[in-house]
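Have a go at each one before reading its solution.

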Amino acid sequence: EGDVVIPLAQPFRPFVKEVMETQVFPERHYTPGGELIRPYDITSWSLPLHRHVASDEIKQRSKELESNLNPVEGDYDLKGEELTSAALVLPVTSNESYRAAFKALELGLKVDRLKEKAEVSGKTYGAGSFVIHKGSKNKAWDEVYESLPFQPGELKDRRALPSEQLELPRIALVETWFADMDAGWTRFIFDTYHIPFTVLRPGEFAKTDLAGKFDVIIFPDTDKEILMTGKRNSGGSYYQGSYHPDYVKGIGKEGMEKLMTFSDDGGIILSWGRSARLFEGMLKIKHGESEEEFSLPFRDISPDLSKEGLFIPGSLLKVNLIEDHPLTLGMPESIGVFSRGRPVFRTSVPRFDMDRRVIGAYPEKDIMISGYASGEEKIGNKAAMIWMKKGKGQFVLLGFAPQFRGSTQGAYKLLVNSILL
């Protein structure tokens, strides 16, 4: 009862099958037994798998099933009875709970987040679940409730739950001027989820008080050379094309010093894809007149694996997540993530004032869920998501795009939990 059924007896049958089934890229060769025709781009677009939604294909006709179907007309939601209490509870397992919580904050409502699991009206809500209080803002409350596609829980008594008030951090989203598509998709997700942010250009780092203005700085998937120099690197030569000089400024040495000061003051740095290379190797923090050199306990080994035969043009891969960590609140024990096979992390033992945790790792086998991959066994048991701490600063690095083109809702919470650290 309540499940959604998509009949295949309709003109759109081929399209429905295409977007609902698991993709298996066919292996074809230029000549019989010759070189493989490799895909050059995305090979997975399964709606259920990308969104971590259970989906089953029924291959045998069932008249009993057909007799129980009612057509969906107009907007579809899972709403039930009208609310009667002045506080609603939203499960951390739902992306829509996060969106509603951020919308409530935007409208001035008080929002709490559970510090541990709690039972409300006979239902258990996990750590990280949200409690939205009505207060005196009736119009805002109604707007949040109407935006929900499911029935929320109700807190009908005034007992104190183990919670803390949710406050949005000050977020900087780093975006270059070089057709930065991944940053654009990140902006789309933030706008959709009512998450306020400031676009920060690489050339602005040196003249911005990062530690004074922001709590979180996000680096979407962008080439390290463009971030640092503002120019593309091809064959060892830099070029800026026809851009005006104002648009080809990189972070530079001074900007990187500001970024490390931001981290040293307790800032959170979130990065995925190619931009993770910014934090590999020797880094420096200035303490007055002195300098501290350090390197974070990780390395991107994907170039080595690529030489050994790893090739993933863009597929959905399985990642196992650790439980009971702030970054994995509301997440299942494993999900599918969109990956191009880079970066892949190897961590080392942290030293001095550093710490690190592997948050997500590829399984030993059965890694690919949908699409095409060659040599994927080489990333078995390798880290896909890591958390590191240096002094008071925190770094979250992902080897995959958690919001790839707005289509991987199954991994969104890893992005949002990171900004709420």
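Angles under 35 degrees count as roughly parallel, over 145 as roughly antiparallel, 65 to 115 as roughly perpendicular, and the rest as oblique. This is a predicted model, where local features need pLDDT of at least 70, side-chain atom pairs count only at pLDDT 80 or more, and totals for chains, interfaces and linings use all residues. Residues are numbered from 1 along each chain as its sequence is written, and side-chain values use heavy atoms, leaving out hydrogens and water.

**Exercise 1.** Work out how α4 and α5 are oriented to each other.

Solution. Start with the geometry: α4 (residues 95-106) and α5 (residues 138-147) pack at about 165 degrees, axes 10 Å apart. The pair is therefore roughly antiparallel. Next, look at who touches whom (heavy atoms within 4.5 Å): Glu96, Arg99, Ala100, Lys103 and Ala104 of α4 meet Glu143, Val144 and Ser147 of α5.

**Exercise 2.** Find out how the buried residues of α5 are arranged around its axis.

Solution. Take buried as under 20% relative accessible area, exposed as over 50% and partly exposed as in between, with a 1.4 Å probe and protein chains only. Ala140, Trp141, Val144 and Tyr145 are buried. Down the axis of α5 they fall within an arc of 135 degrees, so they line one face. On the other side, Lys139 and Glu146 are exposed. Finally, the cover over the buried residues includes β1 (87-90), α4 and β5 (130-133).

Definitions and conventions:
Axes fitted to C-alpha atoms, helices over the stretch in contact; angles between N-to-C directions. Helix = DSSP H or I, 4+ residues; strand = E, 2+ residues; numbered from the N terminus. Arc of directions from axis to C-beta.
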